[in-house]
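Trainee: This structure is new to me. Can you walk me through it, and tell me what stands behind each label?

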Amino acid sequence: MSDDTREFIETLRSTGDLLEIDEEVSWDMELGAISRLACEKDGPALWFKSIADYPEDVSVFVNPMATWRRVAAAFGVAPTSSVKEIYQEYERREGKLIPPVTVDQGPCKEVRWVGDTLDLFNLPAPMLHDGDGGRYIGTWDLAVSRDPNTGWVNWGMYRFMVYDSTHLTGFPRPTSHLGKVFQDHYVTKGKAMPLAIVIGADPLSHFAAAATYHLGGDEAALAGGLRGSPVELIRCETSDLLVPARAEIVIEGEVLPDRVALEGPYGEYPGYRTGEMGNGILFRATAFTHRRRPILTVDATGYKDDSSTITAMSGAVAIKRRLERHGVPVVDVYVPPEGAVHLAVIGVQFGGKEIARKILETLTSRRALLSKIFMVETDVDIFDIGKVLHAFSTKCHPAHGVHAVHYEGRANTLTPCYSQGERAAQKGATVLFDCTWPGEWSRQWEVPVKATFDSIFPESIRQKVLERWRGYGFNQ
Ligand SMILES: Cc1cc2nc3c(=O)[nH]c(=O)nc-3n(C[C@H](O)[C@H](O)[C@H](O)COP(=O)(O)O)c2cc1C
Ligand SMILES: [Mn+2]
């Protein structure tokens, strides 16, 4: 398991999942366009060694975990592991928490800039997409904040845009843990909130920051559990927040309670630029520390970015747990990368109207990030989107098999199909397609027999064919 970004880069080099680019590239859209195309082609992670206008001792590492091979590498399992195996590995580890340990020395302190000397333009933050509100320095990051009443520390991955040489603006959703803690415990009291933005920690710490995790949950302990060893933390220079000691870059500062500043728009994870420049939170940097030869980590946000694997997988497992708690006969949940965290495939022991309603109610009672659900039976491999599409096309009744709920005040404001009015009111809907046979149909007389090799032949014939397969002349 990698202890930092550099070890992870080495791992990816050894598995053939890294491309090092020595050619000079511009931070102004060229780097973003290369990285975007690499995602869309399921290409390797990219390490840009030479950025125009910047010295050769700063580099940029892009799309750390945007393919399943790289997720597997981060988890320390074979890169050829199937998606299902990777999900199972995550499920096995996510319940075992290992709290972090504190150290008093760490490479993230090798170079320090405090107060007037600091200039955030010293880092080659890219202009990732055309039309972005500015250059984004925080994409593959980990923001550390604390609830002043309980001492609960939250880690989250939230985007941050460079506003000027000492200020950043950001867009933590009001429902995110950072957004909530800031609103409830700092804005109301008129106090500035200490915040540390960590860039380039070990990959599973970033995974934990981006994971769907409960309010009050300790993502640092989650990261330790996923890694199988504690994360080493070190104190900030200008606050008592703790940050991963082996991180590439740490930007320390505070979010001002009485100011807003323009932020966005941005080419978002659903794969669209939606909305206009709006009011974001304003962060004032008080210190900036980094390793020698710092590596800025970046997510080239958009179709099939890092969220399509990591946010999707942690979201799927969280959905499975919630459905289990609510008595749904759920077997497995898959949130496919192509669905941009808007679509879930839910495998159930049995479906029907009642189960459909229960799933919709459970998954939309709080915030509703997903809006499309395929409910399938155990005869379908939910990790095989082709098979899911076959079940949807053939088993979902176009009138009785479609169930929807409507809601207001908790829809996903980034869902591209919603109008500006719906977004403002957080108004939306979730639709479930029941791709299971009706429970009242006789399994013997009414349920059609699937005309596939596994289903429509007697065991004796299947066995004979399989035994003689190569003999017929097939080579696999
Ligand atoms: C690359 C990337 C960027 C993200 N940017 C944001 C963001 O700007 N605002 C936000 O609310 N969530 C963002 N998310 C999603 C959050 O990381 C995710 O919801 C996480 O669970 C938040 O942590 P929390 O539950 O502690 O608030 C992003 C995720 C990824 C993978
Ligand atoms: Mn959290």
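Trainee: Why is the crossing of H3 and H4 called left-handed?

Mentor: H3 and H4 cross in the left-handed sense, so the near helix is turned anticlockwise from the far one by less than a right angle; clockwise would be right-handed. The axes of H3 (residues 68-75) and H4 (residues 83-94) cross at roughly 35 degrees and come within 10 Å. Axes are lines fitted to C-alpha atoms, for helices over the stretch in contact, with angles from 0 to 180 degrees between N-to-C directions. Helices (H or I, at least four residues) and strands (E, at least two) are DSSP runs, numbered from the N terminus.

Mentor: One caution: this is a predicted model, where local features need pLDDT of at least 70 and side-chain atom pairs count only at pLDDT 80 or more, while totals for chains, interfaces and linings use all residues. Residues are numbered from 1 along each chain as its sequence is written, with chains lettered from A and ligands numbered from 1 in the order in which they are written.

Trainee: Which residues make the contact between H3 and H4?

Mentor: Trp68, Val71, Ala72 and Phe75 in H3 meet Val83, Ile86 and Glu89 in H4. Contact means C-beta atoms, placed from the backbone, within 7 Å. By class, six are nonpolar, none polar and one charged. (Nonpolar: Ala, Val, Leu, Ile, Met, Phe, Trp, Tyr, Cys and Pro; charged: Asp, Glu, Lys and Arg; polar: the others, Gly among them.)

Trainee: What makes E1 and E2 a pair?

Mentor: Pairing needs at least two DSSP bridges. Strand E1 (residues 18-21) and strand E2 (residues 45-48) have four, and run parallel. Leucine 18 stands opposite alanine 45. The chain goes from E1 to E2 through helix H2 (residues 30-40), a right-handed β-α-β crossover. Right-handed means that, with the strands pointing away from the viewer, the path from the first strand over the helix to the second runs clockwise.

Trainee: How do you know that the pairing in this sheet is mixed?

Mentor: The order of this open four-stranded sheet is E1-E2-E3-E16. E1 and E2 run parallel, but E2 joins strand E3 (residues 59-62) antiparallel, over three bridges. There, leucine 46 stands opposite valine 62. The edges are E1 and strand E16 (295-298), each pairing on one side only. Neighbouring strands are turned by 20 degrees against each other on average, direction ignored. H2 packs on the sheet, touching E2 and E3, and its direction makes about 160 degrees with that of E2.

Trainee: Why do E4 and E13 count as edge strands?

Mentor: Their sheet has the order E4-E12-E13. Strand E4 (101-102) and strand E13 (242-244) each have a single partner strand, so one side of each is left without a neighbour in the sheet. Strand E12 (residues 232-235) pairs with E13 antiparallel over three bridges.

Trainee: Which residues come nearest to ligand 1?

Mentor: Gly156, Arg159, Arg173, Ser176 and His177, out of 21 residues around ligand 1. "Near" means a C-beta atom, placed from the backbone, within 6 Å. Strand E8 (153-156) and helix H5 (177-187) each supply at least two residues of the shell. By class, the shell has eight nonpolar, nine polar and four charged residues.

Trainee: What kind of peptide bond joins glycine 264 and proline 265?

Mentor: A cis one, with omega about 0 degrees. Proline 265 lies in the loop between strand E14 (249-263) and strand E15 (278-290).

Key: Contact = placed C-beta atoms within 7 Å.
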